[in-house]
Amino acid sequence: MEQYSSKSESPPKSLMENLLGLLRVRVKRGVNLAVRDARSSDPYVILKMGKQKFKTRVIKKDVNPEWNEDITFSVLDPNLPILLTVYDHDTFSKDDKMGDAEFEILPFIEALRMNVNGLPNGTIISRIQPSKQNCLVDESCITYTSGKVIQDMILRLQNVECGEVEIQLHWIHLPGCKGL
């Protein structure tokens, strides 16, 4: 047990005290990804938020891969964007970058803070339009579905000739955390 020498010192805050909750990002699929091998690619996705970094599995020889993988971030700062980068896995050389996209979670967090429990299933809470400031291909809707607030996005990959990645955001509230 740690001892504190003076009354002005306070114990360090635990992660739970600063944690808003968990953000689950479902990486659904890639569409028309760039070819980086002879006729195809072996794509995987890396997602970064602050110091957190996660990777999906590699899908062999597929420019339209279906990952359907859930990646869970601990959210301390809702202002931090998430950077999504697609790579082509190579066995004997450095993996090739196949584009990237950045997205904000703040509109999703703001929709969650509305406390919309009890709305009819499928109710659209908010719409985010594609713009030069985001990587959206199409309008992104934040909806109340099956008792949960979710956001579907199709992201256009930047710094590459083609490719899109479909994702879905879902919030997990943890008992004992700071919360929204």
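**Figure 1. Pairing of strand 1 with strand 10 in the predicted model.** Nine bridges join strand 1 and strand 10, which pair in the antiparallel sense. Glycine 30 has valine 165 of strand 10 as its bridge partner. Strands are DSSP runs of E with at least two residues, helices are DSSP runs of H or I with at least four residues, and both are numbered from the N terminus. Two strands pair if DSSP finds at least two bridges between them. This is a predicted model, in which local features need pLDDT of at least 70 and side-chain atom pairs count only at pLDDT 80 or more, while totals for chains, interfaces and linings use all residues. Residues are numbered from 1 along each chain as its sequence is written, and side-chain values use heavy atoms, with hydrogens and water left out.

Figure 2. Strand 1 and strand 4 run antiparallel and are joined by eight bridges; leucine 22 has serine 74 of strand 4 as its bridge partner. Strand 9 (residues 148-156) pairs with strand 10 (residues 164-172) over seven bridges, in the antiparallel sense.

Figure 3. Valine 27 lies in strand 1. At 0% relative accessibility, valine 27 counts as buried, a class defined as under 20% relative accessible area with a 1.4 Å probe and protein chains only. Leaving aside residues up to four places away in sequence, valine 27 touches Val45, Leu47, Thr56, Trp67, Asn68, Glu69, Ile71, Val165, Glu166 and Ile167. Contact here means heavy atoms within 4.5 Å.

**Figure 4. The largest pocket.** The volume of the largest pocket is about 230 Å³. A pocket is an open set of points on a 1 Å grid over the protein atoms alone, where a 1.4 Å probe fits, with protein on both sides within 12 Å along at least five of seven lines; lining residues have an atom within 4 Å of a point. A volume is the space filled by probe spheres set on the points. The lining comprises Leu112, Asn115, Val116, Asn117, Gly147, Lys148, Val149, His170, Trp171, His173, Gly179 and Leu180. Strand 9 and strand 10 are the elements that give two or more residues to this lining. By class, five lining residues are nonpolar, six polar and one charged. Ala, Val, Leu, Ile, Met, Phe, Trp, Tyr, Cys and Pro count as nonpolar, Asp, Glu, Lys and Arg as charged, and the others, Gly among them, as polar.

**Figure 5. The second largest pocket.** About 180 Å³ of space lies in the second largest pocket. Arg24, Arg26, Asp70, Thr145, Ser146, Lys148, Ile150, Gln168 and His170 line the second largest pocket. At least two lining residues come from each of strand 1 (21-31), strand 9 and strand 10. By class, the lining of the second largest pocket has four charged, four polar and one nonpolar residues.

Key
Buried < 20%, exposed > 50% of the residue type's maximum accessible area, 1.4 Å probe, protein only.
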